[in-house]
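This briefing covers a single model.

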Amino acid sequence: MKYARLPLALVLATLVVLAQAPPAAVLAVQGDIAAPLSLTADDLAKMPRQTVSLPAPDGTKIVYEGVTLLAILQKAGAPFGKQLRGKVLSSYVLAKAMDGYQVIFTLGELDPDFGNETILVADKRDGKPMGEKQGPFRLVCPNDHEGARSVRMLETLEIVRLAK
């Protein structure tokens, strides 16, 4: 059997392109939960989507699109509804960014029966994937008066139960 020989330049060009292709971004959902997850942008695209509009500094509107934090945590088996009672109410979500920035949300503030706060895990801004300095994933907290908990470059959601 004879094999065709590819020109060395073609082989090298292919290797360079493959080496430059970034790995698919993954959002890790881990900690004290039933079903830890590793979600890609494709996984989020298949989940129920929502949009949130926020004012930009120049007076225009920025439209973020993504999946609610509640929906992601429910998919991972975090306790909500009738399960969110007693000691479980001391549970929280630690959101971690690629640059080390961290913020927390209590499960109670996300649960529809308690705080009913809508927090979005956005993967699109104004209809396009997030830019390098914002994404690939970003928490968007439309009801926060300050933007400090709108974590950019989100990479991990860790559920922590203080009382077990």
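V29 stands opposite L37 in strand 2; helices (H or I, at least four residues) and strands (E, at least two) are DSSP runs, numbered from the N terminus. The model is predicted: local features need pLDDT of at least 70 and side-chain atom pairs count only at pLDDT 80 or more, while totals for chains, interfaces and linings use all residues. Residues are numbered from 1 along each chain as its sequence is written, and side-chain values use heavy atoms, with hydrogens and water left out.

**Sheet**

- Strand 1 (residues 27-31) and strand 2 run antiparallel and are joined by three bridges; two strands pair if DSSP finds at least two bridges between them.
- An open sheet of five strands has the order 2-1-10-5-6, with mixed pairing.
- Strand 2 (37-39) and strand 6 (102-106) are the edge strands, each pairing on one side only.
- From one strand to the next, the twist averages 20°, where axes are lines fitted to C-alpha atoms and angles run from 0 to 180 degrees between N-to-C directions.

**Nonpolar cores**

- The largest nonpolar core has 33 residues, and V29, I72, L73, F105, V121, L154 and L157 have the most contacts inside it.
- Such a core is a set of buried Ala, Val, Leu, Ile, Met, Phe, Trp, Tyr and Cys residues joined through side-chain atoms within 4.5 Å; buried means under 20% relative accessible area, exposed over 50%, and partly exposed in between (1.4 Å probe, protein chains only).
- The elements giving two or more residues to this core include strand 1, strand 5 (91-97), helix 4 (107-110) and strand 10 (154-161).
- Helix 3 (69-75) is also among these elements, and its four residues are the largest share.
- L154 touches L27, A95, K96, A97, V121, F137, R138 and L139, not counting residues up to four places away in sequence; contact means heavy atoms within 4.5 Å.
- A second, separate core of nine residues includes V52, A56, M130 and V140.

**Loop residue K87**

- K87 is found in the loop between helix 3 and strand 5 and is exposed, with a relative accessible area of 54%.
- The C-alpha atoms of K87 and R161 are separated by 8.3 Å, although these residues are 74 residues apart along the chain.
- K87 also touches A163 and K164, leaving aside residues up to four places away in sequence.
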